[in-house]
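Welcome, and please open your viewer. We will walk through one model together, stop by stop.

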Amino acid sequence: MVAKLERFIKRFYLIIIFLFLYTPIFTLMVFSFNESKTMGKWTGFTFKWYLELFNNNRLMSALYYTILIALLASVISTIVGTIAAIAISKMGGKLKALILNINYLPVLNPDIVTGIALMSLFIFLKFDFGFTTMLLAHITFDIPYVILSVLPKLKQLPENTLEAAADLGATPIYAIRKVVIPQIKPGIFAGFLMAFTMSIDDFVISFFTTGPGVTNLSIEIYSMARRGIKPEINALSTLMFITVLALLIIVNKKQSLTEK
């Protein structure tokens with residue numbers, strides 16, 4: 001009886017947590033079909049905000065730059081971060097501790113500190129603010145997350161993996177490409193997803209490093225908030241949520257089939 005009561009309480013708390021997390025999202029999704037421009041009351045079912053979304057050039061441009069910068073920054077930071085993690089794993093002593101502490105700084109720093117620091121650096125280097133500066137900024141703050149995702153997988157490898165590959169005639173690059181990377185793929189993939197999530201969600205650093213004609217969704221929504229959020233944002237958020245949910249289901253299904 002006590003065990004059943006404990007299970008019931010755990011399930012009850014779990015349901016409450018999920019309701020707390022997802023009720024705002026489902027509310028947003030419902031009102032993306034509301035005919036009224038405000039979320040104050042329901043006036044009827046419609047798809048017009050989805051049609052308006054694809055006719056809104058500013059939102060489409062912001063979505064384009066958001067996805068493009070997130071993909072490029074994630075790919076580049078995953079490559080650089082994986083190589084850096086392999087190098088760090090082979091270090092020892094004070095040098096390794098120093099590099100890891102430096103790697104923690106962008107993670108622990110408030111975004112506004114990183115954003116202003118990168119802005120000051122780009123001004124000092126006389127860069128023209130725009131796509132390039134925003135991309136470089138995203139790569140900069142994504143790399144530490146990739147390193148932190150890959151390092152635990154490298155620690156799980158046998159200590160003499162590279163030496164064993166070298167004894168069998170493999171060159172260092174071939175050994176890394178054919179022996180090490182296949183074994184740390186989960187960490188690399190996790191780092192890529194983390195970098196993509198951080199990049200697509202970033203506002204503060206993007207705000208300080210963007211330029212004329214280049215904006216992402218977070219900056220666009222921030223500028224809209226001062227004039228009033230348009231219903232097209234609800235439609236866009238619904239589409240993004242459904243897309244991410246579908247991708248998660250596909251990835252988990254593929255992983256479960258692979259394990260079987």
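In which loop is K126 found? Select K126 and look at the loop between α5 (111-124) and α6. Helices here are DSSP runs of H or I with at least four residues, strands are E runs of at least two, and both are numbered from the N terminus.

Before going further, some ground rules. This is a predicted model, in which local features need pLDDT of at least 70, side-chain atom pairs count only at pLDDT 80 or more, and totals for chains, interfaces and linings use all residues. Residues are numbered from 1 along each chain as its sequence is written, and side-chain values use heavy atoms, with hydrogens and water left out.

**Stop 1: K126**

Stay on K126 and check its backbone. Most residues other than glycine have a negative phi. K126 has a positive phi of about 60° although it is not a glycine. K126 is also exposed, with a relative accessible area of 72%. (Exposed means over 50% relative accessible area, buried under 20%, and partly exposed in between, using a 1.4 Å probe and protein chains only.)

**Stop 2: the largest nonpolar core**

Now select A85, I147, V150, L151, L154, V180 and I184. These have the most contacts inside the largest nonpolar core, which has 23 residues. Such a core is a set of buried Ala, Val, Leu, Ile, Met, Phe, Trp, Tyr and Cys residues joined through side-chain atoms within 4.5 Å. Helices α3 (57-89), α6 (131-155) and α9 (185-201) each supply at least two of its residues. The largest share, nine residues, comes from α6. Apart from this core lies another one, of eleven residues, including Y50, L59, L63 and A235.

**Stop 3: L151 and L100**

What does L151 touch, not counting residues up to four places away in sequence? Its partners are A85, I88, S89 and L100, where contact means heavy atoms within 4.5 Å. Move to L100, in helix α4 (residues 93-108). L100 counts as buried, at 18% relative accessibility. Leaving aside neighbours within four places in sequence, L100 is in contact with I88 and L151.

**Stop 4: a salt bridge**

Side chains of opposite charge can pair when their charged atoms come close. A search of the whole structure finds one salt bridge, meaning a side-chain nitrogen of Lys or Arg within 4 Å of a carboxyl oxygen of Asp or Glu. Select E220 and R58, whose closest N and O atoms are 3.2 Å apart. E220 lies in helix α11 (residues 217-225) and R58 in helix α3, so the pair ties together parts that are 162 residues apart in sequence.

**Stop 5: the annotated spans**

Finally, colour by record. An unreviewed UniProt entry lists "transmembrane region" for several spans, among them residues 100-125 and 187-208. Over residues 100-125 the chain is 88% helix and 0% strand, with end C-alpha atoms 27 Å apart. Over residues 187-208 the chain is 91% helix and 0% strand, with end C-alpha atoms 30 Å apart. The unreviewed entry in UniProt also lists residues 63-251 as "domain: ABC transmembrane type-1". UniProt positions are given in the numbering used here, feature names are shortened, and annotations may be inferred rather than shown by experiment.
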